[in-house]
Each structure stands twice: as structure tokens, then as C-alpha cells.
Amino acid sequence: MADPHFGLERHDPEGFSLTAAVDSAPPDEPSLPVGEWLRKNLFSSPFNTVLTLVFTVVALAGLRGLLNFAFSEERNWDAVRVNLRLLFTQAYPEDQYIRVWVSVGIVVALSGLSLGLWARLSGVPVARVAMWSMTAGGLIALGVVLREPSAVSGPDGDPMRDAAGEVIRQSFGAAMGDRIWWWLAAAVLFGVGAGLWRGFEDERRRHTYVPTIPLVFGSLGVVVATLWLYRWGHYAFTGNEFVYEPDRTAALSTKLPWTVMWLLLMASWAAGRQGRGTPAEGRLKVLVNLAWLLSPFILFWVVLRDPAIDWAHVWSTDLPMAAGFVIGGGAVLYGLTRPGIGEVGRVIAVGLLAFAGFNWVAAFAGWYPMLQKARFGFLLLALAALLAPNFTGERAQRLRLVWGWAGAMTVVQYLVTMANTESTLNTPTSEFLGGFSVTLFVAVFTLIFSFPLGVLLALGRTSKLPIFRVLSTAYIEAMRGIPLITVLFFFANMLNLFLPQNMELGSVAAVTVGFSLFAAAYLAENVRGGLQAVGRSQYEASDAVGLTTVQRTMFIVLPQGLRVSIPPLVGQVISTFKETSLLAVIGIFDFLFLANRAIPSQSEFLGVKREGLLFVSIVYWIFAFSMSKYSQRLERRLGVGER
Amino acid sequence: MTKTSILRLVAALLTVTLVAAACGGDDGDDPAAEPVATTTAAAAAPEPATDTVETTQGGDLLGTIQNRGTLNCGVSGAAVAFSMTQPDGSQQGFDADYCRVVAAAIFGDADAVNFVPLTAAERFTAVQTGQVDLLMRNTTWTQSRDTDVGMDFGPTTYYDGQQLMARVSDGYSNSSGVSDIAGAVVCTNAGTTTEKNIADASEAAGVDITLNTFEDFDIVTDNFISGACDIITTDGSGLVGRKANQEPDDQDWVIFPATPISKEPLGPTYGQNDSAFADVVNWAVYATIIADEKGITLANVDAMAANPPDAEAGRLLGGEGELQSVMGLDADAFMQVIKQVGNYNDIYERNLGPVGLTREGSANAGWQDGGLIYAPPAR
């Protein structure tokens, strides 16, 4: 579900004009003078005044606590700085790190292209930009005042203590003086905001738009620029030595790739914009969507895993088999779509299905050998054969199924071959990825596998056929009745006992299967809610124009049902993303485990845990918040809740 | 209807051809082996699917490992000084080094180890399903694990035992005992044998204590530093590490009693009934101990091999009368162990020295120095 546009899209024929944004902007009111605004919103009644005061104090106390915690002299942020690479990619070999950057680059380029191709040009009113800037400046100033004065450090670098063991702190004035750079940043931000606010009179302030995308790119550019200008410091662990160099900018191996990423983002966005409105636009969009769908597989198995391809085996086995499936399967499908084949076609399809199923029975019983790839191939062929009656008709129609089969089979055979080839990476631990990359991949694969399964289950549960209805309901209710952590323990420890002989899944793979099956049950319920919102009349209308059940489901019911279920679906996506942190409980080296267990047990950072946990929370928050924002955009665009 | 019959025939024929093609693919592989077909479904993730499931019970594990080319060694990955995950993802520590010892003995290459981080809960399952060949995961040798759980244990590499840590300012010293802790708030991590041991010990000593338990030992230590706990207790190796790294300037911590309140012999653990592999693991460990006794170290092993101090050392380093080839190893297997990883003392001092665990006077001293580290003779 990398790019769920669901086929609905709008063009902005005005091109770069920003007036389009005005149409979608909510109706606005003239802004009030500050005093009046405060009176109206915060101090409108004695009760509201009390509420405002109480909650301001609570919020300030909370902020102060957080700042004192994060910037306390007791915090050892070196534990996070040195371990950044561990936290994101665990033991990925340093000399192969270019592969990680290529993967990030592919994702960045696809994001840029998608933004260019799809995103409507929108703008943020100057009034709001000014407000943000002033708020940011104000918050920084507030933080600088709230944070307690730093400790006076003694000759050994540790904070000095008085006779009672209390840490001796600077005077308030000295502390404020030391934070001059923060004051400066606050002043600049506030000044820019105030200048913008004053520079426009009210009406123009609200109706002059700063284009969103340049604003976002500009902000990202500022962040990237600080890598070159600000002394973030250089922290590393190379050749068993810890490197601490706080007085320099980030290492070249950090700032250069991110600069390239930033340029790539802008270039791909520009390319996407160029493609817009051209005759090729439709095809480009299909290509980008396909690339999104395939990219997790390609990135994981080909780019990152770097398989050691055994060409002899490829020529002797893999290629002939792929060709056999593509050509042979294509021929079978072409035959099955012959007009007037009638029931015979279905019988053959069911026969194929029985054969494919028998292969699996044989696999469990160990009766005869067959490459697992072939078993999957036959299963897919049987499923395609079941679809064949929908493609009967003239030659072009029939060939569409054949080409679809050929394409899908090529991709599947290629990916399975890659997945089956040993990795050439030399990592000390059994999994070649860990930390945040594992979190991401588990989340993404879970989404990819649970989405179709969930939709099928939802369709099954709303089906008129009792067998589908009962099975889907039983599955959904069973899964929803089991705690997720139980499912994970089961899959991590026991799945391999249920697999055919000689087939084995690593624990991360097994857990991904568990996550997918679990998420699918919840997804199915969300989708079912959407399906039920599709009115009776839609069914009757599609029956009236003579659509088959499959056509009605694919083209009438699902698009409308899925559109309605977007808010709960995104909620589901976010919670799945966060639930991957349960991997830590079953001992997989995911993002949380590294921060919570692995780093605190390094003798250099023994027991240093709070820093890592805070860092992990912030990263999780950034991702979950971005997803939530994206879903809000999507909802607005698809008009969920308005129609 | 003839057309449909033909079609059916074609479909059937194609199917048969495909099956033939698919099965044909297997012919290239060892015909005696089970079908090597192995794919992870599209869902599969990182594991290269060509792995085959091995049962360790009574099998030829040594041969399997030699064919595979790497040793799958189960470690904790989050145990201070025993197996720590370093910032570059590598494994470092006493247990990690003993994995390297076994790899050096089998392959002559200490780096031919594939570390598998395991939780305490899943470690034995991992051995039973063949996910790992060997556990080096601070596993205590107990009767139930040896018999009921179905493990076999190699020679103990580290004698640990539960101890207590308290503040000197509260009147505790090296010579304190469990009988001195009446009324104290004792903290440890929940659901472990540690909890049970201290409860038993205080009952036996006839003192009342308040036992508080926490989720993990980092939290226990934080509560000790803040004063919420008077005493904390866990394995001695853990306490020493904490004392070395986390003792604040204004506190003075002491560990007691000198004789621990529990026995925790830690060492290599593997599946039962595979003597060939067990022998290799055991003698690789013994080789590091014998080398320590004879003063053969990481630094001087080449000179020692060229000019061995006695016949036993000569045999161990691959000289005349060596017994390594009988075990299915290279003659210089143990020489490679010492050369690439070191003897027992090298390994101990490199990993446990920095956190403050000393050998002298402890059970982990050599037997000549009054400790328990002892190896049978190599002859």
C-alpha cells in the first residue's frame, strides 16, 4: 500500500497558480488584534481563565521537566551518537554502506516523483507561516528560560557538588549569557515571523500563499546545510576504538549522502512535474506505482542483501523454469480464455488447483521432491486459471491476461530466485539488518501482505456464500481473540515446526508472517465497515447494467468502500508500525531492543538507557506523525467525510 | 467438443512438462539428500532459504558445520563483558570469544562464526531446532537442564555465583554476610532464580528482609543509586560490572559475601548425544586452559609451537603425537585457537578485566593457584 491513490486523482490545470489552493482552504476570519484574541479565546469567563492558568502551569512544568531531563549533565548522549549506525542498520558492513544509501535514494527519488506527479500545488497562507515562525522562536526562548542553569563543571569535567552532595549550578544570569546562541536563534525566528506579519496587511496576509513544496524543500535544505555548518561533532566506533570529536562538523560519510538525497528529492520532483500533463502521464503514474510496490522487495533482497548469484544454477534451473511457467502457463491461460469454453474451463482450473494443493500435501508428507518455487508457481497458475473466465472474449482481452501472467510470473520468479540465493554480506550476526531498518521492513512487508488478505477476508465475511462467510468470520474472530504478543511468540518459536521439511523461515520472517496474519484480521474489520457503507442502490445499479459479481466488487463496491475506510486504515497502519516494537520482547534486535538492552549493556555505556529510549520515541513519533499528516491530506483530497 | 478435448490434452501435457522441468531442477543436487527445494514464500525475509533443518540429536553435527563453513553460535548480545553488541554491530565479550575459540578449532578461522542473539526463553529451543549449534549464553549448568531439557554441558568457563552489593556508609563491608542484612530493602530483577535464592538465603539465616523486584537490572541499579534500595543482588559478575561503571563519586559500594549464596557454573551448552561435536567443543575449551597452565599465550604461541616446553604442549600445538586429527580437526587446530583468540587468561583479562573482575583469589583462578579452572591432560 505504498501509494494508495485508489485511482482517484485531480489535475491542477492552472499549473503553478496558487489560486487553486484557495478553493480548498476552509473559510477564514479576519485575524484579531492580540489582546482581543486572548480575551476571546483564553479569558472569556472566570472559569476559562482558571482553566487557562492551570493548564499553562502544567504545560510549562512538563516542558521544564523534559528539558531538564534531556539536557541534564547526567545524560550521556554519546551513547546515542556513537551508536547511531547500530540503531539504524545494526551490523550492516561499513564497506557496503553504499547499498544503504542507494536504497534510501530510491525511496527518496520515488517520493519526489510521486510528489511531482500527484501532489496538487497548495500553499500556506503567509499568516500561518508567520505564526509558525513566531511560535518556534517563542518556544525556544521559553525553553532557554525554563531549563535550569547548567552545573558548574569541576576540573575533571564532572559537575561540582557542595558539601550536601547537591550539584552546584551557575547563576541564572550566567546561564542565560551562556545560551546566547539559542537566544539568537529564537530572536531570528521570531523576528522573521513578526516581520512577515507586519509586512502584510490583514487581507493580504491571509490570501497570499507560500507554496508548500518549496517551503518544505527549503526547510529540509536548512537542516542539510547545518550538517556542513554546525559542529554536530563526529562520533564513531572504528577498529574497536571509540572516536569522540565534538568540535567538528558531521563526518563526510553523513553529510555528503544527505546532501545528495536533498538534491535528488528536488530533481525527481522537478522531473515528476515535467511529466505532468504530457501524454505519457498516465503511463508514468502506473510505472511509479508499480515501482513503489516492487521497491521493498527489490531493496531488501537485491540491493541490500547482495545475493551471490550462481550463474550455472540460473542457466540450468532458474531460467528454464521461469520460461516454462511464463510460456506454458501463458498458453494454458490463453486456452482457458477461449470464448465458449464454458464449464470445461472451470473444471480445468479446479483441477489445476487440486494439483497445486496436492503438491503442498506431498511437501508436508515428503512424497516427492519439487522446488518450492514450482509449488508456488502452480498455485499462482491455478489462481490465474480461476480468474480466466473474466477475460474471455476477443484476442486483445485474452492476451491481457496472458501478458499480465507473464509479467507477474517473471517478477515472482526473479524475486524468489534472489531470495533463495545466499547473501554475500559478511555480517557478524545471523540477520544482516537490524535496528530501525528491520522495524521499517517488517512494517512495510506486513502492510503489503496484510492489505490484500484483509480485503479478501472482508469480502469473504460479507459474501453470500456460507463457506466463505463462516471461514472468514472464524478466522477474523480467532485472530482478534488472541493477543498480538502471543501470536508473535507462537510464530517466532513454533512456525518452523509446521513448515514442510527443508523449508525454514528466519525468526524475523516468521514474525512478519505473524504480524501480517494478525493485522489482516483487523484490517478486514475496517474494510468491512467501509463495504457496509456502500449503499444498496449501488449494488442494484450495477446489477441493472449487467456487471458480474467480480466486476461489481472490483469497480463499484471496493473503490467506494476503501475510500470510506481510509481513516481507520491509516490508524491501523500507524499502529502496526508502532507494534513492531514488540519485536524487542521476543529478542529480535529491532530499534527498541538496541536502545533498551543492547546499548545499556555495552561496557562503555553500561546502564545508559534513558537517552536511547528518548531518542527512539522521537524517531517513532516523527514517522507516526508524518503518516498521520499524510492521511489527513489524503482524506481531504478524496473528500472522506464530506460526501 | 473435439476442440475442448484437445485443449484439455494440451493443458495436461503442459502441466506434466512443467512438473518434469521443476523436478529436473533437483537432479543437479545431491540425490541422496532430501529435496533441497526451499524457498521462503514471498513473505520470507532475511534467512537464506537454502538452510536445511538439522536435528542435533545423534546426528553428525561436526560434519554439517564443516560443510556449512560457519559455526552458528547462540549468544545473548546484551550481556556486559560476556557478549556485548558493539556500536559497529560486532559481538565482543567472554562468551563471544569462546564462540571464536570453537570456530578457530573447527575451521582454523576465528571469524567463521555466525552469532545468533537469543533471549533466555528461546535459547534451548534454538538448540533443539538446530538454529544454533552451540550456546555460549551465560547458561548455568543444572541437573534439570542437563537431563529434562535435553542439553549437554561442556567444561565450565566461568564460575559465577550470586552476591549482594551495599553501601559502605550503611555499615557493610567485605566480611558482611546474609545474617547482617536484617531489615534491609533488597532489590533484584523479577521472575529469576536470583529472587528465589535471596529469599531462601535470608530465611536460612533467620533475617527478615523486604524484597523489591523490578523489570530489569538497569532499573534495579537506578533504584540502588537513588537510595530506594539498600542492597541489590544478582550474579557476582554483574555486580562487579555495575560497581566499576556506575558507582557515583559520593557513594562507596561493597560486594559480599565472599562465598556466593548460589553456584552458577557457566559454560558451553549443546544438544545431547553428539559426542564428536561435544569433544571438539570441550577440548577447544580445555586447550585454552592447558595453554594458560603452560604459559602459551597469544603473544608467544608461534615461538612455543616451534619449540614446545614439554611433550603435552607439543601435542596440543600440532606437533608429534597430536590427537586433533583423530577428532576430525586439523593438526594445528588448537594452535590456531591460541594464535587467533588466546589462552584462557588472555580471553579472561581482555573481556572481564576491564569491568573489574579479577581472577586472583576467585574460583576462576587456575587450579594451581587455588581456583577451579582445571583441564584433563592432553595425551
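## Chain A at a glance

Of the 643 residues of chain A, 43% count as buried, where buried means under 20% relative accessible area, exposed means over 50% and partly exposed lies in between, with a 1.4 Å probe and protein chains only. This is a predicted model, in which local features need pLDDT of at least 70, side-chain atom pairs count only at pLDDT 80 or more, and totals for chains, interfaces and linings use all residues. Residues are numbered from 1 along each chain as its sequence is written, chains are lettered from A and ligands numbered from 1 in the order in which they are written, and side-chain values use heavy atoms, with hydrogens and water left out.

Chain A has 26 helices and 4 strands; these are DSSP runs numbered from the N terminus, with helices being H or I of at least four residues and strands being E of at least two. The C-alpha trace of chain A spans about 90 × 60 × 45 Å along its principal axes. Chain A is assigned domain 1 (19-30 + 77-156 + 169-275), domain 2 (317-421) and domain 3 (428-643), with bounds that come from an automatic or database domain assignment. Taken over C-alpha atoms, the centres of domain 2 of chain A and domain 3 of chain A are 28 Å apart.

V145(A), F172(A), I180(A), W181(A), W183(A), L184(A), V188(A) and V192(A) make a nonpolar surface patch of about 810 Å². Patches are made of residues with over 30% relative accessible area and no salt bridge, joining like charges within 9 Å and nonpolar side chains (Val, Leu, Ile, Met, Phe, Trp, Tyr) within 5 Å. Accessible areas come from the Shrake-Rupley method with a 1.4 Å probe, and for residues only the protein chains shown count as cover. Helix α9(A) gives the most to the nonpolar patch, with 6 residues. V145(A), by contrast, sits in helix α7 (residues 126-146) of chain A, and is partly exposed with a relative accessible area of 37%.

A positive patch is formed by R128(A), K629(A), R633(A) and R636(A). Here Lys and Arg count as positive and Asp and Glu as negative, while His and the chain ends are not counted; the place of a charge is taken as NZ of Lys, CZ of Arg, CG of Asp or CD of Glu. Helix α26 (residues 610-638) of chain A gives the most to this patch, with 3 residues. R633(A) has its place in helix α26 of chain A and counts as partly exposed at 38% relative accessibility.

## Salt bridges

Over all chains, the count comes to 33 salt bridges, each being a side-chain nitrogen of Lys or Arg within 4 Å of a carboxyl oxygen of Asp or Glu. One of them joins E73(A) and R169(A), with the closest N and O atoms 3.6 Å apart. This pair links distant parts of the chain, 96 residues apart: E73(A) is in the loop between α3 (46-70) and α4 (78-82) of chain A, and R169(A) is in the loop between α7 and α8 (172-178) of chain A. E73(A) is partly exposed at 32%, and R169(A) is partly exposed at 30%.

In chain B, the side chains of R68(B) and D133(B) meet in a salt bridge at 2.9 Å, N to O. Distant parts of the chain are linked here too: R68(B) is in helix α2 (residues 61-68) of chain B, D133(B) is in the loop between α4 (123-128) and β6 (134-135) of chain B, and the two are 65 residues apart. R68(B) is partly exposed, with a relative accessible area of 33%, whereas D133(B) is buried at 2%. Elsewhere, salt bridges that share partners join R461(A), E477(A), R480(A), E525(A) and R528(A) into one network.

## Backbone details in chain B

Most residues other than glycine have a negative phi, and most peptide bonds are trans. The peptide bond from F256(B) to P257(B) is cis, with omega near -15°, and P257(B) lies in the loop between β13 (253-256) and β14 (264-266) of chain B.

A81(B) has a positive phi, near 70°. This residue lies in the loop between β2 (78-79) and β3 (83-85) of chain B and counts as buried at 3% relative accessibility. N273(B) also has a positive phi, about 65°, although it is not a glycine. N273(B) is in the loop between β15 (269-271) and α9 (275-294) of chain B, and counts as exposed at 54% relative accessibility.
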